[in-house]
Each structure stands twice: as structure tokens, then as C-alpha cells.
Amino acid sequence: MGALANQDDEEMAGSDNDDHMDEAEEMALMARRTNAGRRKSVSAEGFDPDADDDDDERVIHPKTDGQRERLSKVIADMLIFSSLDTEQTQQVLDAMFERTVSPGEHVIDEGDDGDNFYVIERGNFDIFINDPVTKVPQHKGAYKGSGAFGELALMYNCPRLATIIATDDGSLWGMDRTTFRRIIVKNAARKRKQYEDFLATVPLLSTLTPEERMKVADAMVTKNYEDGDVILRQGDPADYFYIVIEGEVVIRRRGDDPSNPDNEVVLNTYTNGQYFGELALIQNQPRAASAFAQGQCRCAVLDVQAFERLLGPCKELLMRNIPLYEQQLSEIYQDLNMNSE
Ligand code: 1OR
């Protein structure tokens with residue numbers, strides 16, 4: 001998690017659940033009418049947190065002190081848990097159970113009904129999605145020692161969308177469907193409401209349908225930064241994509257001047273609705289520059305898997321900046337050469 005680990009999370013202001021709950025009830029009703037029987041496709045209609053009874057018995061998996069300590073550490077850094085209150089975090093700690101895996105073990109198979117959500121403590125996992133025509137599994141990505149998966153089938157009441165296979169010995173923490181829906185899905189309903197208006201104003205997302213934007217909201221988390229905080233660091237592996245909600249973010253790059261490798265050049269400043277952090281994700285490379293908060297600022301953050309899953313339709317827009325970055329870099333080199341002559 002690197003630079004993100006020390007940042008406090010905070011919800012966006014102006015939350016009001018009531019409208020959404022009405023809408024959720026309506027959506028659930030439609031879902032029951034149109035979707036009787038087996039869970040079919042990913043759709044907002046499956047998203048009905050109120051359908052899960054709050055009075056369900058709490059799931060408790062007893063743990064040793066050591067296990068509890070390890071689990072607390074694992075979930076402390078997870079985006080998906082970052083907006084839970086103390087009581088909810090306690091319930092999560094009680095409900096999760098440990099599962100160890102061996103190389104080649106299928107943790108999830110595409111098309112199955114969803115039972116558990118998993119958080120990775122240790123180990124690497126491949127992501128496969130079946131080709132829609134040939135049904136041959138295609139390798140789409142991997143989790144490398146951290147992250148979480150299995151939330152989509154539980155969130156949207158749909159079959160599993162990908163197959164997840166352990167590539168070495170690993171350790172996971174699982175959470176059952178009922179607890180996941182009672183805690184995480186309820187929070188996501190609130191998040192939708194909070195992000196809805198903001199995301200509609202983000203130019204990058206203008207090609208998405210409202211439903212696609214809603215799914216972006218489900219996957220996003222707000223991060224707050226103080227003046228000078230490092231949001232991401234040049235050279236680090238890339239895990240997250242950022243959209244500025246409020247304040248300013250300055251991008252600086254160092255090391256282009258051989259006579260003064262510590263010399264930093266300001267590349268850009270981003271503000272409300274603008275995004276950064278996409279280049280390393282698209283090119284699968286370390287961060288090409290660092291991002292710092294300029295004054296207090298807040299960003300909406302997506303992890304790499306959600307970025308790939310949800311922003312595919314925006315890829316063309318995202319790619320548009322790449323030649324501009326390249327041009328900017330060659331201008332920096334030109335300036336440096338001129339200064340040294
Ligand atoms: P699930 O409950 O559907 C499989 O079970 C899980 O794989 C899924 O939740 C996600 O947590 C995880 N598309 C769909 N699911 C993905 C993807 C994905 N990546 C991870 N999962 N991608 C689509 C690419 C076109 C992104 C691949 C990097």
C-alpha cells in the first residue's frame with residue numbers, strides 16, 4: 001500500500017441515505033420481478049442491502065490472539081474496509097476465517113454462485129476470465145501478495161465473474177456472504193449517493209452510462225491528504241488510480257538531470273475532476289513521477305483491478321495523455337541540455 005497506508009479516510013460531505021433507500025427498494029422489486037430464480041447478470045438491480053436482515057445471527061469464527069493480530073494488520077490497509085466504524089470493524093474481525101491455499105488451488109470459479117469474499121494475507125493469485133466465444137480461460141491479471149477479491153458476486157447478486165487460482169502457498173481471510181452484505185454492501189449504498197453527483201461531472205467518465213458510473217462509485221474510496229503528503233512516489237509499483245475531488249495535486253519528477261539527480265521538475269498540477277496515476281497502470285510500469293498534495297486535498301481512489309474492469313470504456317480518453325507526457329519529457333530534456341551548454 002506504500003504511500004497510502006498512513007492516510008486517514010473520510011467520507012465525502014453531504015450524505016443522505018433516504019432517497020437512495022427508496023430507489024434501492026424499487027430496484028429490488030424490479031429485480032424480483034425480472035430475475036426470479038438463479039442470479040444472472042451484473043446489474044444494479046441485485047444491489048439491495050435492505051433485503052438482508054439486520055437481525056441475522058452474527059457470524060463468529062473464534063481466533064487465537066495471534067490470528068486476530070494478523071487479521072487486524074491485513075484489514076487495516078484495505079480500501080474496502082476503510083470507511084467502517086469501530087463496531088463494524090469488530091464484526092468483520094469476528095466473522096472472518098482463515099483459509100490456506102496450495103499452488104493450483106481454485107479459490108473461485110467463474111460462473112459459480114458467490115459464497116465468500118476474500119482478503120489476501122500472503123501469496124499470489126492469477127485472474128482468469130473465459131473467452132465468451134471459445135470459453136477458453138484468458139489470463140487477465142494477478143494479485144501479488146495483497147488485495148481482495150470475490151466481492152462482485154456478493155455485491156450484485158450475480159455469478160462469479162472471474163476464476164481465481166493460487167499460484168503458490170498462500171493464506172486468505174474469508175468473509176461469508178451474509179456478513180459481507182450486511183456490512184460492506186450497506187456502506188456501498190451510502191457511497192453511491194455520495195459519489196453520484198461528483199462522478200457525473202468528471203470529464204473522463206462522460207462516456208460511461210449512469211449504471212457504469214455507479215459501479216465506479218461502489219469501487220471507489222476517498223483519501224484525504226495534508227499539504228506536502230506524498231500521494232504516490234516515483235519508482236514505486238503502481239496499484240491505484242486517482243481522481244481529484246477537492247484541492248490540488250502537484251506532479252514532480254526527479255533524476256532527469258545527470259549533473260543534479262535530485263533536481264525535481266514540476267510536470268503538472270491537477271485539480272477537481274482531473275485524474276492521475278493512470279500511466280503506470282496502463283503501461284504496467286513503476287511510477288514515472290511523484291504526486292504531492294498541495295494544501296489539503298482529497299482524492300477518489302480505485303485499485304488496479306477495478307480500474308481495468310470499470311474504465312475499459314474510457315481507455316481511449318486515458319491513452320490520449322500519453323503522447324503529451326512524452327512531449328513534456330522531451331521538452332524537459334531539451335531545457336536541461338540548453339542550460340548545460
Ligand atoms: P467475483 O465475486 O465475481 C471473482 O469473483 C472475482 O475476481 C471478482 O468478484 C473480482 O473480485 C475479481 N473482472 C471481473 N472480476 C475481477 C476482475 C475483472 N479482476 C479481478 N476480479 N477484470 C476484468 C478485465 C476485463 C480485471 C482483470 C484485471
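Select helix α5 (residues 177-200) and helix α6 (residues 210-219). α5 passes α6 in a right-handed crossing. A crossing is right-handed if the near helix is turned clockwise from the far one by less than a right angle, and left-handed if anticlockwise. Helices here are DSSP runs of H or I with at least four residues, strands are runs of E with at least two, and both are numbered from the N terminus.

This is a predicted model: local features need pLDDT of at least 70, side-chain atom pairs count only at pLDDT 80 or more, and totals for chains, interfaces and linings use all residues. Residues are numbered from 1 along each chain as its sequence is written, and side-chain values use heavy atoms, with hydrogens and water left out.

**Stop 1: α5 and α6**

Stay with this pair. Their axes come within 8 Å and cross at roughly 120°. That angle makes α5 oblique to α6. Axes are lines fitted to C-alpha atoms, for helices over the stretch in contact, and angles run from 0 to 180 degrees between N-to-C directions. Under 35 degrees counts as roughly parallel, over 145 as roughly antiparallel, 65 to 115 as roughly perpendicular, and the rest as oblique.

Now show side chains. On α5, pick Ala188, Lys191, Arg192, Tyr195, Leu199 and Ala200. They meet Arg213, Met214, Val216, Ala217, Asp218 and Ala219 in α6. Contact means heavy atoms within 4.5 Å. What kinds of residues make up the contact of α5 with α6? They divide into 8 nonpolar, no polar and 4 charged. Ala, Val, Leu, Ile, Met, Phe, Trp, Tyr, Cys and Pro count as nonpolar; Asp, Glu, Lys and Arg count as charged; the others, Gly among them, count as polar.

Keep α6 selected. Its residues Arg213, Met214, Lys215, Val216, Ala217 and Asp218 are buried. Buried means under 20% relative accessible area, exposed means over 50%, and partly exposed lies in between (1.4 Å probe, protein chains only). What do the buried residues of α6 pack against? Look for α4 (152-156), α5, β14 and α8 (304-310).

**Stop 2: α3 and α5**

α3 and α5 pack at an angle of about 150°, with their axes 10 Å apart. α3 passes α5 in a left-handed crossing. Select Gln88, Gln91, Val92 and Ala95 in α3. They meet Thr179, Arg182, Ile183 and Asn187 in α5. This contact divides into 3 nonpolar, 4 polar and 1 charged.

**Stop 3: α2 and α3**

Select helix α2 (residues 65-76) and helix α3 (residues 86-95). They pack at an angle of about 125°, with their axes 10 Å apart. That makes α2 oblique to α3. The crossing of α2 past α3 is right-handed. From α2, the contact uses Arg68, Leu71, Ser72 and Ile75. From α3, Thr89, Gln90, Val92, Leu93 and Asp94 take part. The tally is 4 nonpolar, 3 polar and 2 charged.

Zoom in on Leu93, in helix α3. Is Leu93 buried or exposed? Leu93 is buried, with a relative accessible area of 8%. Leave aside its neighbours within four places in sequence, and Leu93 is in contact with Lys63, Arg68, Leu71, Ser72 and Ile75. Next, draw a C-alpha to C-alpha distance from Leu93 to His61. The two are 32 residues apart in sequence and 8.7 Å apart in space.

**Stop 4: Phe125**

Move to strand β4 (residues 124-130) and pick Phe125. At 0% relative accessibility, Phe125 counts as buried. Not counting residues up to four places away in sequence, Phe125 touches several others, including Val101, Ile120, Tyr143, Phe149, Ile164 and Leu172. Ser146 is 21 residues away along the chain, and its C-alpha atom is separated from that of Phe125 by 9.4 Å.

**Stop 5**

Most residues other than glycine have a negative phi. Here are two with a positive value.

- Lys135 is in the loop between β4 and β5 (137-144). Its phi is near 70°. Lys135 counts as exposed, at 54% relative accessibility.
- Asn284 is in the loop between α7 (278-283) and β14 (290-303). Its phi is about 55°. Asn284 is exposed, with a relative accessible area of 73%.

**Last stop: the whole protein**

Show everything. Count 10 helices and 14 strands. Buried residues make up 45% of the 341 residues.
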